[in-house]
Amino acid sequence: MVYLTRVEHFNAAHRLFNKNWDDEKNFSVFGKCSNPNWHGHNYELHVTVKGEPSPDTGYIFNAKALGKIVQETIIDKVDHRNLNLEVDFLKDNFTSAENFAIAIWKELQPHIEQHGAQLHAIKLYETPRIYVEYFG
Ligand code: NI
């Protein structure tokens with residue numbers, strides 16, 4: 001089995017808060033990420049697929065095609081957006097990196113399978129020093 005990773009960048013705004021809590025409680029749990037006027041992150045998304053190299057091409061997945069899928073399915077919908085307000089697949093969900101990674105997996109998986117490969121991992125950096133990984 002061979003693993004292929006495509007890396008993409010995007011910027012987005014969000015706010016972490018529990019609507020059942022007051023601002024004080026939200027600040028105590030989520031800190032600056034609970035700022036009512038939003039804040040942004042420079043996200044880095046690593047999408048890893050796995051498969052066996054094709055006898056016809058030597059590829060497990062055409063990296064350019066993978067980039068196009070990630071761009072159209074995810075990046076175009078989240079880049080320079082407000083994750084809480086403008087992203088359909090995060091609607092009514094906490095916009096934590098954890099939930100975001102799971103949502104990205106769900107969006108991408110059907111497209112990856114259409115190409116005869118399997119999705120292996122979503123790795124999402126919210127900051128250079130904090131990232132989450134999801135393996136389905
Ligand atoms: Ni944040």
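Select strand E2 (residues 39–51) and strand E4 (residues 118–127) in this predicted model. The two strands pair in the antiparallel sense, over seven bridges. Within this pairing, display Leu 45, which stands opposite Leu 124 in E4.

Two residues lie between E4 and E5, and the two strands form a hairpin.

Now widen the selection to the whole sheet. This open sheet has five strands in the order E3-E1-E2-E4-E5, and its pairing is mixed. Strand E3 (81–82) and E5 are the edge strands, each pairing on one side only. At the E3 end, two bridges join E3 to E1, and these strands run parallel. Select Ala 12 to find Arg 81 of E3 opposite.

The helices come next. H2 packs on the sheet and touches E1, E2 and E3, its direction making about 20° with that of E1. H4 lies across E1, E2, E4 and E5, and runs at about 150° to E4.

Which residues have the most contacts inside the largest nonpolar core? They are Leu 45, Phe 100, Leu 108 and Leu 124, in a core of 31 residues. Strand E1 (2–14), E2, helix H2 (63–78), helix H4 (97–114) and E4 each give two or more residues to this core. H4 gives the most, with eight residues. Return to Leu 45 and show its contacts beyond four places in sequence, among them Phe 10, Val 70, Ile 74, Ile 104 and Leu 124.

Definitions and conventions:
Residues are numbered from 1 along each chain as its sequence is written. This is a predicted model: local features need pLDDT of at least 70, side-chain atom pairs count only at pLDDT 80 or more; totals for chains, interfaces and linings use all residues. Side-chain values use heavy atoms; hydrogens and water are left out. Two strands pair if DSSP finds at least two bridges between them. Helices (H or I, at least four residues) and strands (E, at least two) are DSSP runs, numbered from the N terminus. A nonpolar core is a set of buried Ala, Val, Leu, Ile, Met, Phe, Trp, Tyr and Cys residues joined through side-chain atoms within 4.5 Å. Buried means under 20% relative accessible area, exposed over 50%, partly exposed in between (1.4 Å probe, protein chains only). Contact means heavy atoms within 4.5 Å. Axes are lines fitted to C-alpha atoms, for helices over the stretch in contact, and angles run from 0 to 180 degrees between N-to-C directions.
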